[in-house]
Amino acid sequence: MAGDKKIIIGNWKMNLNLHEASLYLHKLSNLIQIRRDVEVVLAPTVLTLQSLSLQVNLRQFKLAAQNFYWRDHGSYTGEVSASQLRGIVQYAFIGHSERRHIFNETEKDMRNKVAAAIRNGICPILFVGETAWEKSNNETRDVLHDQLNSGLANITSHEVKDIIIAYEPVWAIGTGHNASPTDVALAIKAIRAQIEHLFGERQAKAITVLYGGSVTPDSSNDYLAIDGVDGLVIGIDSLNAFTFSEIVKKAHKGSALAKIRG
Ligand code: PGA
């Protein structure tokens, strides 16, 4: 696992304009103290990334791109590359379910993006997760197996330690439908088992795995308490700086408590 540090990511999706994003960052920086055991990552729209990168204190918050194209430059109208994001973001999302299902991104896109992020010194966050239909057909394990196999196909066992996996059941995203901690624990176990199969036991233990899907301040620490969960991705509840800061504070308190209990 990623050590004692928990990662809490705010996924703003297609919300907050330049002015709102700047105000939000200002507000959040007054609400959240720098803690060694919690890394806070903000994923604003691409439009606001550059100006936030000038405003942000990188010791307090890191930045993530929600998406990018895998080629470094060329005639790709409307796209932004990882090489252009270099120096602006520290992380980049790959294959969020909204990219896979609304924009029809393919497995080939995912693996090329993972390689492009690594090539440009950006930590890739590869999203995996089953749909409601796949869950009702007991296919969660197979889906995770296939998404990891293809998303990580171009990666060496040396590179895999620099990748983050985010497990988000598609049916739990933005719906208020909570995945049970037991189901999440099983999925996280399946993810680590597949990483072990592909890259070995050491890599399976070391890789950072996050959970996301309708997480709120009330449920956040239940998910963080699951063995093998190293952090959370928060969508709707990251749009309110106060609510998001509650989740970050709880993560800090939760890990401080876990340390005392040994
Ligand atoms: P949600 O979104 O918290 O609104 O369910 C999570 C995500 O899409 O990453």
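A helix axis here is a line fitted to the C-alpha atoms over the stretch in contact, and the angle between two axes is taken between their N-to-C directions. That will be needed at the second stop; the model on screen is a predicted one.

**Whole protein.** Begin with everything selected. The secondary structure comes to 11 helices and eight strands. With a radius of gyration of 17 Å, close to the 18 Å that the globule rule gives for 262 residues, the protein is as compact as a globular protein of that length. Its C-alpha trace spans about 55 × 45 × 35 Å along the principal axes. Colour by burial, and 51% of the 262 residues are buried.

**Two helices.** Next, select residues 107-119, helix H5, and residues 140-151, helix H7. Their axes come within 8 Å and cross at roughly 50°, so H5 is oblique to H7. To see where they meet, show the side of H5 with Glu107, Met110, Arg111 and Val114, and from H7 show Gln147, Ser150 and Gly151. The residues of this contact divide into two nonpolar, three polar and two charged.

**A histidine in a loop.** Now select His96, in the loop between strand S4 (91-94) and helix H4 (97-102). Is His96 buried or exposed? Its relative accessible area is 4%, so His96 is buried. Leaving aside residues up to four places away in sequence, His96 touches Asn11, Lys13, Phe127, Glu168 and Ile173.

Note on methods
Residues numbered from 1 in each chain as written. Predicted model: local features only at pLDDT ≥ 70, side-chain atom pairs only at ≥ 80, totals over all residues. Heavy atoms only, no water. Axes fitted to C-alpha atoms, helices over the stretch in contact; angles between N-to-C directions. Helix = DSSP H or I, 4+ residues; strand = E, 2+ residues; numbered from the N terminus. Parallel < 35°, antiparallel > 145°, perpendicular 65-115°, else oblique. Contact = heavy atoms within 4.5 Å. Nonpolar A, V, L, I, M, F, W, Y, C, P; charged D, E, K, R; others polar. Buried < 20%, exposed > 50% of the residue type's maximum accessible area, 1.4 Å probe, protein only. Rg over C-alpha atoms; globule rule 2.2 N^0.38 Å.
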